[in-house]
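Subject: A structure for you to explore

Hi,

Here is the structure I promised to pass on to you. Have a look around it first, and then read my notes below.

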Amino acid sequence: MSTERAPSADPAHDNGPAGPGEPAGPSPRTGGRTSAAGSALEKSLRILEAVAAPGGPHRLTDVMTAAAVPKSSTFRILAALVDQGFVRSDGEGRYGVGPRLRGLSAAVGGGEPASVQQILDDLRQATGQTVHLALHSGETITYIHKLESGQPFRTASRIGMRVPLHTTAIGKAVLAHLPPRERRELLDATGLPARTPRTLTTAKAVAAELEAVRERGFAVDDEENEPTIRCIGAAVLGADGRPVGGVSVTTVTFLVSREEIEAYAPALRTAARALTPLL
């Protein structure tokens with residue numbers, strides 16, 4: 001992922017101090033803000049609005065035109081937004097809404113269809129366990145929804161949290177459905193760091209695990225991301241067949257065995273299929 005930071009405003013478009021013979025006063029766009037930081041923030045917000053416009057993902061030139069921001073600044077700001085998960089890139093020069101922006105939308109009140117909530121609640125009722133919905137963004141997934149179980153325990157996950165692909169059930173389900181070359185590039189970029197002693201940290205071990213995921217239709221995180229936490233996850237696919245994220249059932253190892261949690265797989269796969277047309 002890119003590590004560029006959002007640049008300061010372009011001189012040609014700054015609303016700085018008036019020069020000789022120039023009228024002083026607020027710009028209609030900035031409402032009186034004349035600092036470079038204010039101008040850079042305004043550009044970033046206009047770019048987010050352009051990316052979120054209907055019909056996305058949008059090409060760089062379309063975002064630049066809609067936001068009225070120079071091309072070089074648009075590219076650098078988009079790179080920073082992609083790195084932070086607010087925007088996603090399809091790898092072919094188009095940009096769409098990222099998981100962190102979707103998570104904000106859901107948190108602010110009804111950003112997701114009620115039917116998504118109903119599907120997740122049905123899964124929680126069927127299993128009695130905690131349910132997560134996450135979207136894929138680069139080398140991570142981002143939780144955008146969490147429904148707690150009625151059990152007397154709470155997991156550390158939270159909406160907006162970004163977690164690795166290779167250590168999580170949803171992440172492994174996503175990886176299993178990616179094209180081989182893209183999958184290798186993502187895994188190479190992460191370096192497969194260990195989160196617990198049970199994390200798979202070699203390309204050979206991950207490859208074998210992903211083959212098993214494809215065969216059974218769901219992935220398992222058996223204390224690989226967090227001690228005492230066990231999950232199963234299934235990918236949610238987009239209209240083009242690519243994984244956009246996934247759904248999972250989460251429990252604790254001292255209450256539910258691996259065999260017991262895998263028995264929830266039919267309900268999990270049903271939920272993933274129902275979520276596919278909605279995401």
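In which strand does His-145 lie? His-145 belongs to strand β5, residues 140–147. Helices (H or I, at least four residues) and strands (E, at least two) are DSSP runs, numbered from the N terminus.

Before going further, a word on the model. It is a predicted one, where local features need pLDDT of at least 70 and side-chain atom pairs count only at pLDDT 80 or more, while totals for chains, interfaces and linings use all residues. Residues are numbered from 1 along each chain as its sequence is written, and side-chain values use heavy atoms, with hydrogens and water left out.

Back to His-145: with a relative accessible area of 11%, His-145 is buried. Buried means under 20% relative accessible area, exposed over 50%, and partly exposed in between (1.4 Å probe, protein chains only). The His-145 side chain also makes a polar contact, at 2.8 Å, with the side chain of Gln-117. A polar contact is a pair of N or O atoms within 3.5 Å; within protein, one must be able to donate a hydrogen and the other to accept it, and residues adjacent in sequence count only if both atoms are side-chain atoms.

Now the whole chain. The protein chain has ten helices and nine strands, and 46% of its 279 residues count as buried. Take contacts (heavy atoms within 4.5 Å) between residues at least 6 apart in sequence: 58% of them join residues at least 24 apart.

Next, please find helices α2 (residues 60–67) and α3 (residues 71–83). Their axes come within 9 Å and cross at roughly 110 degrees. That makes α2 roughly perpendicular to α3. Axes here are lines fitted to C-alpha atoms, for helices over the stretch in contact, and angles run from 0 to 180 degrees between N-to-C directions. Angles under 35 degrees count as roughly parallel, over 145 as roughly antiparallel, 65 to 115 as roughly perpendicular and the rest as oblique. From α2, Leu-60, Val-63 and Met-64 make the contact, and from α3, Lys-71, Thr-74, Phe-75 and Leu-78 do.

Ala-68 sits in the loop between α2 and α3 and is partly exposed, at a relative accessible area of 35%. Its C-alpha atom is separated by 8.2 Å from that of Lys-43, 25 residues apart along the chain.

The buried residues of α3 include Ser-73, Ile-77 and Val-82. After α3 comes Gly-85, with a positive phi near 85 degrees.

Two other residues have a positive phi without being glycine. Leu-192 has a phi near 55 degrees; this residue is in the loop between α7 (180–190) and α8 (203–216) and counts as buried at 9% relative accessibility. Glu-223 has a phi near 60 degrees and is in the loop between β7 (219–222) and β8 (229–237). Why point these out? Most residues other than glycine have a negative phi.

Finally, look at Val-256, in the loop between β9 (243–252) and α9 (258–262). Val-256 is buried, with a relative accessible area of 7%. Leaving aside neighbours within four places in sequence, Val-256 is in contact with Gln-129, Arg-230, Thr-251 and Ile-261. Val-256 and Gln-129 are 127 residues apart in sequence, yet 9.8 Å apart in space, C-alpha to C-alpha.

Enjoy exploring!
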